[in-house]
Each structure stands twice: as C-alpha cells, then as structure tokens.
Amino acid sequence: MATLQSLAFASPVSHCSNQPRFLPGISSGAVHHSARSSFSGQPLRLTISCRAPQRQYFQQSRLTILMIKPSIQFIQGTDEQTVPDVKLTKSRDGTNGMAIFRFDQPSVFDSSSEVGDITGFYMIDEEGVLQSVDVNARFLNGRPAGIEAKYVMRTPRDWDRFMRFMERYANQNGLQFIKS
C-alpha cells in the first residue's frame, strides 16, 4: 500500500517541494525517494519534479457524449448508402419478433470487390452494434440485384433495443413508420 500511495508523489497534481514526504499512518522511514516494492523486491525509484511553481492543478471532469450516426453495414467499416424497405413482425404476446430489410441495388455490390466480402448485417448506433448473419443476395440475369437481411428479436428487451436503433436510423434517413 505504501508503494501505491508514494506513486502519487510523482503525479502532476501533487505539490512540488524538496521537503521529505510523509503519509498519514506510515512511519517516516517507509517512504523516501526510493522504496521497496512488495511485488518483486526490486528498488522503486520515485522522482519528484519541480518544473512548475507551487500551484494546484485541477482536473476538470467533462461529460462527453459520443454521437454516432446510425448506419447499416454489410462489410464492417463500410456504410451502406441505400436505404432499405423494412418490414416488422411481432408475436401476439410481444415476446419476440423479426425485421426483414430489403435493399434494391445496394451500394455494397459496388464496393465489395475493393473492400472485401459481405460478412454479415450490422446495425450500428451510439448504443453499440446489432448483428445478424441471415443475409441473402438476390440475382437477376446473373447480376446481383438486391439483398434481404433478417434480424430476429427473441425478447422484449431485444425488441426495445431494435426499436431505438430504428428510430435513430429513420430520423437520419427520412423513413416513416406505416402500420398495416
């Protein structure tokens, strides 16, 4: 414990002086400019710097909220530019549901040869990533025409999380909910 407390003396927050340091509850011989580490028995050298005049440093605590633009990806790191048609189903008891995303002429077909293969279906926002591997490509006359991806929600909590993503994604991309 003396080692951890004595490390604070090298901190820029502590005051700087050439006087010996004393910690409450620890005898004055236990902490000097060198101390013994209880972990390996190796000498521990503490340097006390006096570069700045005596003044108190306050570290400001800032709350930073990272706002991530909600996006859909088929290749991690590459946002899909095509806005999908989304169909939602939910069980009568509300415990599970499914979302089916249909993309016509998705941009991933243009960039997949340069960036890589489709690895899954990723819905990304500031809360994290929702993902699925249930992704199917549609072909028309031998050319890729679209992608259908399914995301299954097995609990009410999964449903709520998905709906929060969809609300953000819809606001970002001008989608609206139409109940049928």
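**View 1. A hairpin with a positive phi at N141.** In the hairpin of strand 9 and strand 10, two residues sit between the strands, and N141 takes a positive phi near 55 degrees there. This is a predicted model, in which local features need pLDDT of at least 70 and side-chain atom pairs count only at pLDDT 80 or more, while totals for chains, interfaces and linings use all residues. Residues are numbered from 1 along each chain as its sequence is written, and side-chain values use heavy atoms, with hydrogens and water left out. Helices (H or I, at least four residues) and strands (E, at least two) are DSSP runs, numbered from the N terminus. N141 belongs to the loop between strand 9 and strand 10, and a positive phi here comes in a residue other than glycine. Is N141 buried or exposed? N141 is exposed, with a relative accessible area of 76%; exposed means over 50%, buried under 20%, and partly exposed in between (1.4 Å probe, protein chains only).

**View 2. Strand 9 alongside strand 10.** The two strands run antiparallel and are joined by six bridges. Strands count as paired if DSSP finds at least two bridges between them. Look for R138, which stands opposite G146 in strand 10.

**View 3. The open sheet, 5-6-10-9.** Four strands line up in that order, with antiparallel pairing. Strand 5 (85-90) and strand 9 (135-140) are at the edges with a single partner strand each, so one side of each is left without a neighbour in the sheet. On average, neighbouring strands of this sheet are turned by 20 degrees against each other, direction ignored. Axes here are lines fitted to C-alpha atoms, for helices over the stretch in contact, and angles run from 0 to 180 degrees between N-to-C directions. As a rule, strands of a sheet pair through backbone hydrogen bonds, either parallel or antiparallel.

**View 4. Strand 5, strand 6 and the helix across them.** Six bridges join strand 5 to strand 6, and the two run antiparallel. V86 stands opposite F101 in strand 6. Helix 3 lies across strand 5, strand 6 and strand 10, and runs at about 160 degrees to strand 5.

**View 5. Inside the largest nonpolar core.** Which residues touch the most other members of this core? They are I72, F101, F121, M123 and F162, out of 19 residues. Strand 3 (71-75), strand 6 (97-104), strand 7 (121-125), strand 10 (143-153) and helix 3 (156-173) each supply at least two residues, and helix 3 gives the most, with five. A nonpolar core, by the way, is a set of buried Ala, Val, Leu, Ile, Met, Phe, Trp, Tyr and Cys residues joined through side-chain atoms within 4.5 Å.

**View 6. Zooming in on M123.** Leave aside the neighbours within four places in sequence, and M123 is in contact with S71, I72, F101, G128, V129, L130, Y151, F162 and F165. Contact means heavy atoms within 4.5 Å.

**View 7. Q105, another positive phi.** Q105 has a positive phi of about 50 degrees although it is not a glycine. You'll find Q105 in the loop between strand 6 and helix 2 (108-115). Q105 is exposed, with a relative accessible area of 54%.

**View 8. Stepping back to the chain.** The chain has three helices and 10 strands. Of its 180 residues, 28% count as buried.
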